[in-house]
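Trainee: I have not looked at this model before. Please show me how to read its features one at a time.

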Amino acid sequence: MIPVQRVAVIYRKELLDILRDRRTLIAMIVIPVVLYPLLMLWLLWEAQAEHTRLRQEIFVVEVADEAARGDLENIIAAARQPREQSTSAPADDAQPQFDVRVGQTPDERIGQDVQLRVELKRDDPPGVRRGRLEIAVSYNDVDVRSRAARDELLAVLDDFRRLLTRESILHILGKEGPAGASMLSAETDREIDLILNPVRIETTSTASQRQRGGWALGQIIPILLVIMIVSGAIYPAVDLTAGERERGTLETLMVTPVPTVHLIVGKFLVVATIAMLTAALNLASVGATMHFGGISSVISAQMPIELPLAVLPIILLCMVPLSLLCSAVLVAICSFAQTFKEAQNYVVPVIIGALVACVPVSMETARLEGTVLILPVGNMVLLARDMLQQNCTVSAAIVVLLSTTLYAAAAVAVAARLFGQEAVLFVDTGSFKNLFRRRLFKQVPQPTVAQAFLLVALIFPISFYGQAGLSAETADQFLRLLRGLAVWQFAGLFVLLPVAVCVYFRIGLRETFRLRLPPVRAWLAAGLLGVSSWVLAIAFISWQHRLVPPSEAMTKAAEMIENHINAIPLPLALLFLAVIPAICEEMLFRGYLLSGLSSSLRKWPSIFAAAAVFATFHFMIDRIPLTFLLGTVLAWLCWQSRSLLPGILFHIMHNGSMLAIPRAPGIAEYLGLDTAAEVASLPPAVLWGAALAFIAGLALIASMDRRSISPAPSGGF
Amino acid sequence: MYPVEVDQLVKTFPAVDGGEKYAVAGLSFHVGVGEIYGLLGPNGAGKTTTLRILAGLMKPTAGRVAINGCDVAEQPQNVKRSIGYLTANTGLYQRLSPRELLPYFAELNGLDAEFTARRSAELIDWLGMADFADIRCGALSTGQKQRTNIARALIADPPILILDEPTLGLDVLTNRVILEFIRHQRRAGKTIVLSTHYLDEAETLCDRIGLLHEGRLIAEGDLAALRRQAGHNRLTEIFLELTGQQAAGLLGPAAGSAGEDAP
């Protein structure tokens with residue numbers, strides 16, 4: 001039985017099993033399909049009902065004495081008369097009523113039986129027709145009715161103030177009184193209006209209706225999606241790991257002739273499926289409720305919007321890596337738990353962690369750029385938000401999806417590694433400390449796929465954050481940064497760290513890093529590839545730029561780096577950008593990573609996976625396709641030759657040529673590389689010659705007989 | 001070559017004090033074709049650990065265990081293809097019926113649909129499971145669950161059976177069905193390694209018995225050989241004599257009765 005079939009068998013059974021559980025169905029279907037719409041509609045109904053209730057309310061307003069009561073009632077009556085025609089009047093007919101009473105309610109009781117207390121004081125200085133009216137309004141800002149009464153009374157008082165102002169102006173103009181008012185000319189009326197409103201301010205938002213809709217959805221959907229995915233994955237993850245152990249079925253399963261990795265992949269795919277189904281159902285339910293339940297029309301009443309519901313399926317699709325990541329993390333964590341209950345406790349930090357990652361990036365000022373691009377969970381929240389707001393770049397989406405996929409792969413590998421361990425399988429004999437006790441490790445020729453992915457996933461963000469923090473203004477600074485990179489990234493992270501892991505876990509260095517002399521054919525292949533690949537790389541980049549022109553920012557960044565590189569001496573450039581990266585990258589990607597992958601995967605899946613990770617580590621987006629292709633050839637060369645050395649030679653020659661050729665005046669001129677044109681136009685003879693040499697190199701790789709090269713004792717690749 | 005070969009098997013676990021605790025300390029035995037080999041011993045003697053290593057669930061600290069010629073540490077998948085493994089605590093998928101469960105384990109063993117259908121029907125018939133084959137396992141009685149478990153362990157018709165206290169906690173009727181089934185498997189040429197606390201059961205069922213004490217094999221042979229070695233007739237007395245225990249109460253469950261076994 002091939003692995004895919006075996007995984008499919010496990011997947012089918014686990015899915016059937018979990019879907020027969022009422023708890024899963026309730027969490028997956030009842031909550032999103034029934035509960036969410038009901039909850040949202042109820043909230044909407046409640047909000048509308050509250051608005052209506054407040055409009056129909058009779059607010060109790062307290063004043064100090066009968067005189068004040070008469071004054072306030074007169075003010076309200078006078079103000080309400082013109083207010084009926086004012087633009088600030090509410091659309092509906094209902095107006096809150098004020099019940100003005102005399103009393104002395106203490107402050108702490110305002111907001112209970114009495115909503116407002118009003119003090120009126122008239123300051124009538126001698127010599128003026130009418131003095132200033134001072135009104136003090138006391139309210140309780142934690143009581144909704146008191147707040148509503150305050151807002152309503154302030155609106156009434158504002159209208160009264162306008163009324164008085166108008167009367168005063170008429171008095172000054174000598175046209176006081178109702179008769180005079182009715183005889184006002186249109187010019188006078190306009191003048192009074194100008195005095196009352198000397199400046200008219202108008203603001204207009206340029207956001208389209210769709211953008212407004214995207215903004216509105218962007219506030220809730222991304223975080224909601226993360227919560228849905230995590231909550232959807234929790235129950236199946238617990239049930240399929242700790243639940244299985246508690247029921248005693250794990251031992252039964254482990255005794256079948258199925259590799260642990262297939263078991264865990266089958267299970268984790270079920271968890272991811274349930275998580276995605278939960279998210280999809282929730283999303284559909286929320287979308288339908290917003291569209292059909294009247295929520296969008298409520299929002300539209302204030303500002304016309306168009307909900308970008310068509311983007312939701314694309315966002316959901318982008319959430320697949322996140323659901324894989326969350327599922328794998330939950331499966332890995334729940335694998336430690338002995339009981340269902342214990343596992344439920346373990347998942348709480350995962351939920352909190354996911355929410356913590358969401359909250360800071362959910363701020364409106366947060367941008368999907370720089371280090372946030374690879375922040376687990378948070379980057380997906382921002383990606384979903386930007387997609388809803390039509391503010392997402394393809395390059396950012398690629399980095400987010402690739403980095404999340406890398407984390408997910410590492411988490412799956414770790415889950416697979418944990419799942420079959422004695423310490424995890426048997427409560428009575430094991431201890432989790434055994435997983436890290438060096439004396440219990442047996443010498444093995446190569447790392448496991450879990451060890452490989454875990455280390456690479458750890459190095460990835462460190463490397464990314466490190467590089468993102470580096471920027472150079474001058475060539476000297478750039479050289480210093482290159483020295484730093486050579487030490488801490490290439491030597492430290494790419495070589496010393498994997499070597500340290502190998503030493504600690506008793507993993508054979510020679511076999512892991514393919515430290516053996518290759519056949520002559522491999523050297524020849526590396527030489528042919530090395531002399532030709534740079535030509536094809538230039539042609540490939542030119543073709544790619546014709547197809548997808550790079551962004552301005554990307555071009556500027558590339559130009560800046562190129563200028564810095566050209567400013568440092570060639571030998572130093574070759575050392576720091578060709579020799580050291582080539583050796584160290586080969587050690588990590590074709591040594592440690594490919595060895596780990598080959599312990600569980602077949603030839604081509606291992607090669608492609610290693611190439612994909614290699615490409616992801618090259619953070620310049622437009623170089624990802626090219627580095628993937630080069631990574632594939634390098635991994636194939638390493639696989640066939642069972643040695644890292646030809647790959648190092650090819651890598652050095654490729655990087656070195658890319659650095660040295662543009663500096664050689666005659667050659668650069670001949671190749672058309674001395675112009676500022678973004679798209680290089682290589683002579684056909686050079687291009688064809690390089691293509692032939694490259695094909696010859698590939699043919700040599702294909703012709704290598706791996707069986708004739710001494711393999712590792714345990715049969716490593 | 002014997003179907004089951006255990007040579008100088010050692011298994012240690014980390015002790016609380018930071019040292020190592022020996023669960024199995026240099027155990028050697030073999031089991032031939034069509035033979036039932038019983039592992040007997042008090043709690044903590046190392047029976048279950050030995051059987052788990054035989055089943056490829058644990059790796060030996062030292063020594064070699066070969067099942068059908070395959071080393072359990074180096075070829076665990078090949079080992080698992082040769083065995084049917086059953087414990088008293090084995091659980092079943094609560095939401096699947098026996099008729100759904102058997103094809104699932106058959107598929108995991110790489111069996112084709114035709115063989116699976118025939119084998120499932122045979123096992124359901126032999127073990128008297130027809131009445132409950134379509135009921136979900138969560139609703140079955142202990143005896144019905146154990147019959148289903150036996151069917152699950154035998155679905156691939158493996159040549160070697162590893163049974164860890166297969167009759168623990170069963171009623172008399174189910175006990176009899178299962179013991180008869182084990183005898184039937186022996187007649188069919190299966191190699192069987194089992195552990196049990198029921199000494200009378202071991203006496204009537206096993207061709208050879210290995211007495212384990214503190215991870216070591218202190219006696220081995222058929223009943224006659226053990227009688228000669230200990231100078232007693234009944235297995236209970238032989239057991240007490242050879243383990244050096246004078247008081248039956250020190251052995252945990254009294255000889256001939258069920259008890260727990262860990263690790």
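Mentor: Start with A:R69, which is partly exposed at a relative accessible area of 29%. The scale is simple: buried means under 20% relative accessible area, exposed means over 50%, and partly exposed lies in between (1.4 Å probe, protein chains only). This is a predicted model, in which local features need pLDDT of at least 70 and side-chain atom pairs count only at pLDDT 80 or more, while totals for chains, interfaces and linings use all residues. Residues are numbered from 1 along each chain as its sequence is written, chains are lettered from A and ligands numbered from 1 in the order in which they are written, and side-chain values use heavy atoms, with hydrogens and water left out.

Trainee: With which residue does A:R69 form a salt bridge?

Mentor: A salt bridge is a side-chain nitrogen of Lys or Arg within 4 Å of a carboxyl oxygen of Asp or Glu. For A:R69 the partner is A:E66, with the closest N and O atoms 3.5 Å apart. A:E66 is exposed, with a relative accessible area of 53%. Both residues lie in helix α3 (residues 66-83) of chain A, 3 residues apart, about one turn of the helix. Helices here are DSSP runs (H or I, at least four residues), as are strands (E, at least two), numbered from the N terminus.

Trainee: Why does a spacing of three or four places matter in an α-helix?

Mentor: An α-helix has 3.6 residues a turn, so residues three or four places apart point the same way. Another case is A:R590 with A:E586, whose closest N and O atoms are 2.7 Å apart. They are 4 residues apart in helix α22 (residues 570-598) of chain A. A:R590 is buried at 0% relative accessibility, and A:E586 is buried at 1%.

Trainee: Which parts of chain A does the salt bridge of A:R55 and A:E152 tie together?

Mentor: Here the N to O distance is 3.4 Å. A:R55 lies in helix α2 and A:E152 in helix α4 (residues 144-173), so the pair ties together parts that are 97 residues apart in sequence. A:R55 counts as buried at 12% relative accessibility, and A:E152 is buried at 8%.

Trainee: Where is the kink in helix α2 of chain A?

Mentor: A bend is the angle between axes fitted to the seven residues ending at a residue and the seven starting there. In α2 (residues 22-55) a kink of about 50 degrees lies at A:I31, shortly before the proline A:P32. A:P32 is among the buried residues of α2(A), which also include A:M28 and A:L44.

Trainee: How many residues of helix α14 in chain A are buried?

Mentor: In α14 (residues 378-388), 11 of its 11 residues are buried. Over chain A, buried residues make up 48% of the 717 residues.

Trainee: How many residues of chain A are in contact with chain B?

Mentor: Contact means heavy atoms within 4.5 Å. By that rule, 37 residues of chain A are in contact with 38 residues of chain B. They divide, on the chain A side, into 15 nonpolar, 6 polar and 16 charged. In this grouping Ala, Val, Leu, Ile, Met, Phe, Trp, Tyr, Cys and Pro count as nonpolar, Asp, Glu, Lys and Arg as charged, and the others, Gly among them, as polar.

Trainee: How many salt bridges are counted between chain A and chain B?

Mentor: The count is 6. In one of them, A:D21 pairs with B:R95, the closest N and O atoms being 3.2 Å apart.
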